[in-house]
Amino acid sequence: MSKKVFLCAISNISSGHCLEDCKFCTQSVKYGAKIERFYHKPIETIVEEAKQAKARQAIGFCLVTAGKGIDDKTLRFVCEAAEAVKKEVEDLNLIACNGTASVEQLRILKDHGVDSYNHNLETSERFYPQICTTHDWRERYETCENVKKAELKLCTGGIFGLGETMEDRIAMLEAVQTLDPESVPINFYHPNEALPLEGKTLPIEEALEMIRMARQMLGKRRIMIAGGREITFGDEDYKIFEAGANAIVIGNYLTTQGKDPMRDHTMLEKYGYEIATSCHDQ
Ligand code: SF4
């Protein structure tokens, strides 16, 4: 496995007002989790965050909005943010993550500078109705297909630790395989007292085993460890690379704090990993 690690940063540009009921998500208004909620982050702030991400050697920058899908207003806002970031910051792979989207909407994002689209399958089709009742898994899969039709690069993965079985985990990874994504974000459930889910933080060994399995099943695709890295692995997160991950999200997540990016840089250096400087690195 390559010793190069890809860094990606997330900007939560519209937060905490989703009407869906995904049981693992603090952005749903149904559960009243104590998070910051706002409609539109100022464009200047988004651009500043993109510059900071670039200075911290991120090659990916993701514009995330809460909500099931893109309405016209959200589409205009994401396009405006994408254009502003592309104008001010060079050589960043710009990712949008805005829920269910049609081919036409995705093409509009592409025309405004978006390079990739992230839409996670989350878990298996069988288990999905147990974690969400307001939309179905098929819709998620179809959006991923739309991403390919719109000729954007696809990022799709899921989350472990919701109470799913090993068969569900395998089924989710098999479904990801069929979509042939460029990058596969893997999240680990971060329990929150406001959420209805009884899932617990996965034991480190089990979480590492899931990364090994993902690597085995997904060949050379990029495997990115995203939410839940801190709470699951603590200071043993260097082990995720030995298990097969080759990308991480740096800085904060959508509604939870991440590690100090400088600490991540020091950790990568200490264990002999190089930070990738281009999306084309292997
Ligand atoms: S649709 Fe997305 S933002 Fe809304 S509750 Fe589900 S995971 Fe959270």
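Lys4 stands opposite Glu274 in strand 10. That is my starting point, and please keep in mind that this is a predicted model.

The pair belongs to the contact between strand 1 and strand 10, residues 274-275, which run parallel and share two bridges. Strand 1 has other partners as well. With strand 9, residues 247-250, the pairing is again parallel, over four bridges, and here Phe6 faces Ala247. With strand 2, residues 60-65, the sense is parallel too, and the count is six bridges. Ser11 has Leu63 of strand 2 as its bridge partner.

How many residues of strand 1 are buried? Ten of the eleven, counting along residues 4-14, so the strand is largely enclosed by the rest of the structure. Buried here means 20 or more other C-beta atoms within 10 Å of the residue's own.

Now to the helices. Helix 6, residues 166-179, and helix 7, residues 204-218, have axes that come within 10 Å and cross at roughly 35°. The crossing is right-handed. Which residues make the contact? From helix 6 they are Arg169, Leu173, Val176 and Gln177. Helix 7 contributes Met210, Met213, Ala214, Met217 and Leu218. Sorted by class, that contact has seven nonpolar residues, one polar and one charged.

To recap: strand 1 pairs in parallel with strand 10, with strand 9 and with strand 2, and helix 6 passes helix 7 in a right-handed crossing.

Notes
Residues are numbered from 1 along each chain as its sequence is written. This is a predicted model: local features need pLDDT of at least 70, side-chain atom pairs count only at pLDDT 80 or more; totals for chains, interfaces and linings use all residues. A residue is buried if 20 or more other C-beta atoms lie within 10 Å of its own, exposed if 12 or fewer, and partly exposed in between; C-beta atoms are placed from the backbone. Two strands pair if DSSP finds at least two bridges between them. Axes are lines fitted to C-alpha atoms, for helices over the stretch in contact, and angles run from 0 to 180 degrees between N-to-C directions. A crossing is left-handed if the near helix is turned anticlockwise from the far one by less than a right angle, and right-handed if clockwise. Two residues are in contact if their C-beta atoms, placed from the backbone, lie within 7 Å. Ala, Val, Leu, Ile, Met, Phe, Trp, Tyr, Cys and Pro count as nonpolar, Asp, Glu, Lys and Arg as charged, and the others, Gly among them, as polar.
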